[in-house]
Amino acid sequence: MADLLSDDEISDRLPEQWTREGDEIVRAFEFDGYLDASGFLSAAAGLAEDAWHHPEMTIRWGEVEVRLTTHDAGGITENDIDLAERLNGIHD
């Protein structure tokens, strides 16, 4: 099991455009339409599966909201930060 990050570690390492909401880090990725958002969701699901880390993802027209937490650790870990950075890399 991964170790929880401290509040300071989370603040220092939180990737660009991600926010903290309690025991999760959250970002809404924006797109020009539903199909672009769907393509991102598919790519994000592939990255998550490769990392064996499965975020909550909600798709809407032109937006995919991603919420990351490590459930078995009870909060935010290095795994969440790493996947957030990888997701930024396929969008930005």
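These questions and answers concern a predicted model of a single chain.

Student: In what pattern do the helices and strands follow one another along the sequence?
Tutor: The chain holds three helices and four strands. Read along the sequence, these elements give the pattern α-β-β-α-β-β-α.

Student: In which sense do strands E3 and E4 pair?
Tutor: E3 covers residues 56-60 and E4 covers residues 63-68. Five bridges link these two strands, and the sense of the pairing is antiparallel.

Student: Which residue in the hairpin of E3 and E4 takes a positive phi?
Tutor: The hairpin has two residues between its strands. A phi near 75° is found there at Gly 62.

Student: What radius of gyration does the chain have, against the value for a compact globule?
Tutor: For 92 residues, a compact globule would come near 12 Å. The C-alpha trace spans about 35 × 25 × 20 Å along its principal axes. The chain agrees with the globule value, as its radius of gyration is 13 Å.

Student: How far apart are the mean positions of the positive and negative charges?
Tutor: The chain carries 6 positive and 23 negative charges. The distance between their mean positions is 2 Å.

Conventions:
Residues numbered from 1 in each chain as written. Predicted model: local features only at pLDDT ≥ 70, side-chain atom pairs only at ≥ 80, totals over all residues. Heavy atoms only, no water. Pairing = 2+ DSSP bridges. Rg over C-alpha atoms; globule rule 2.2 N^0.38 Å. Lys, Arg positive; Asp, Glu negative; His and termini not counted. Charge placed at Lys NZ, Arg CZ, Asp CG, Glu CD.
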